[in-house]
Amino acid sequence: MLVRAVQKKLFDIDADLHIVPVFKGPAKQFPAADYAPFSAKMVSLLSSGGIRDEYKKRSFYSFETAHGLKKVLFLGLGEPEKLSAEKLREAAGFAVKEARSLGARTLASRVFSPSQHDFTAQLEGMMLADYSYDEFKAKKDADKISTLSFASASLPLKKTIDEIKTVVDAVFFAKDLMNGPGNYSTPSRLAFAAKEAAGRDKKIKIKVYSLEEAKKMGMGAFYSVAKGSDEPAKFIVAEYRGAPSSKKTGVFVGKGITFDSGGISLKPQVSGSSMIEDMKFDMSGAASVIALMKIISGLKLKLNAVFLAPVTENLPSGKSYKPGDVLRSMSGKTIEVISTDAEGRLILCDALYFAQRYKPAFIVDIATLTGACVVALGHYATGLMGNDPQMLEMMKKSGETTGETVWELPMLEEYAETLKSKYADIKNVGEGGAGTSCAGIFLREFVGDYPWVHLDIAGTAYGIKNKSYIPDGVAATGIRLMYEFVKKALKGGVL
Ligand code: BES
Ligand code: ZN
Ligand code: ZN
């Protein structure tokens, strides 16, 4: 999608469809300065009720001109004071969805609100709504929007357009990887994608370790999960140095299980609201950190960050690890395997320990980690835990900005007790429920004293319904969130 700001009045822009925001309330709308030559007609349609002003109600009109019809979609936005960034994102996505169903390919739109922050949300909504995945379909989706033009506004738009294009590009990159089936989005392909995302950026150094190399480094937990699969596992390390003189580095770790069968603790076809075929999304964390790298590099941010992704399948075979096995993690801590389906924390624990070699300013990990998180928080809040109040607060604030709600879960000492093992230093599954908290507490054992936050996106990565700007249900939640977190860290001197 080509997005541009045009120094023209809305109706002077050539487009299949023009989008006009409509607010409720006494304020005078549709001034001639912006909406000539249809301003008077629009004002009368609004006062007669022909144009709806309620939130997400749309009206459609064609106006006759000497050069043919101008088609206009009026987008009701309700009362301006009730309009949050998330409501704007959703309404903007809705407008694009409607435009697509009307067969429009080129759009011209007004900027809905005079605030820069709101324009970001509007643009995100409009661009994110235009995603579809048709890699394996003979009939490709022909409905995509080719051009989106914004009529001149009092705001400077270009910088935001460039930024959001980079962000949405990266989100779509991650979504393609996530939608890719297990026989396609393999560990090798993810490693390739990381290199592709790095492009020619000289500030990025990528090293992809083979499973044998990971084993030699002492990653006994990652190794054990991977050894049952014939698909070669990869440990991806990407280092971005955008601030060579700074000693501060942020590390981002993503869970990369390209298919989670559960292993010997085999999953059933259906468990709760999840289907086993959904387990191709179990690499969403890894895709998210690669996407984050793409954004940081694309925007040439002046900071240092490292992206780690342990990537493997989790399959049963004669070589698989088993319940009862005791593994030696890279940290030296031994782990008793209770369930081979609690594999995410096992690959992450070695990656988190590896992260400590960077003496990081913080570590963020992101993972589709527990089914319990889907039960507790559903699809609209990401589970949050951590060991550092400032980082937790920063992540919550980031979620408020991007509309990706995060919700902190407790790390009670009583839960920690249940991870004690008779045979090893720790078990990979706790007892008595609180599955998401137990997983978080398990991970905490491997981050040392470094500030750390954990994001459980089991419910929020995919399976989203009724969001116009997430048209296929795959949200790739966490990418915009972590990017916002990075911006806040940079601003606050944490990075
Ligand atoms: N990948 C799953 C978690 C998951 C479940 C993500 C549903 C998205 C939707 C994870 O590896 C897993 O299987 N966890 C187990 C842990 C249990 C054995 C302690 C779970 O949640 O059931
Ligand atoms: Zn599992
Ligand atoms: Zn898993």
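Donors here are N, O and S atoms within 2.8 Å of the metal (3.2 Å for Na, K and Ca), and water is not among the atoms, so sites may look incomplete. The model is predicted, so local features need pLDDT of at least 70 and side-chain atom pairs count only at pLDDT 80 or more, while totals for chains, interfaces and linings use all residues. Residues are numbered from 1 along each chain as its sequence is written, chains are lettered from A and ligands numbered from 1 in the order in which they are written, and side-chain values use heavy atoms, with hydrogens and water left out.

Take the zinc ion (ligand 2). Its donors are Asp 260 (OD), Asp 341 (O), Asp 341 (OD) and Glu 343 (OE), at 2.0 to 2.2 Å. The six donor atoms subtend angles of 72 to 168 degrees, so the arrangement counts as irregular. For the geometry labels, four donors are tetrahedral if all angles lie between 85 and 135 degrees; four are square planar and six octahedral if opposite donors are over 155 degrees apart and all others between 65 and 115; anything else is irregular. Along the chain, the donors of ligand 2 are spaced D-x80-D-x1-E.

Next comes the zinc ion (ligand 3), held by Lys 255 (NZ), Asp 260 (OD), Asp 282 (OD) and Glu 343 (OE) at 2.0 to 2.4 Å. This site is octahedral, with angles of 77 to 171 degrees among six donor atoms. Asp 260 bridges the two zinc ions, ligand 3 and ligand 2, which sit 3.2 Å apart. Asp 282 lies in the loop between strand 12 (274-275) and helix 9 (284-298), and Glu 343 in the loop between strand 15 (334-336) and helix 10 (344-355), so this pair ties together parts 61 residues apart in sequence. Helices (H or I, at least four residues) and strands (E, at least two) are DSSP runs, numbered from the N terminus.

How accessible are these donors? Asp 260 is buried at 2% relative accessible area, Asp 282 is buried at 2% too, and Glu 343 is buried at 0%. Buried means under 20% relative accessible area, exposed over 50%, and partly exposed in between (1.4 Å probe, protein chains only).

Then there is the greasy side of things. A nonpolar core is a set of buried Ala, Val, Leu, Ile, Met, Phe, Trp, Tyr and Cys residues joined through side-chain atoms within 4.5 Å. The largest one has 102 residues, with Phe 150, Phe 252 and Phe 307 touching the most other members. Helix 5 (residues 158-179) gives the most, 11 residues.
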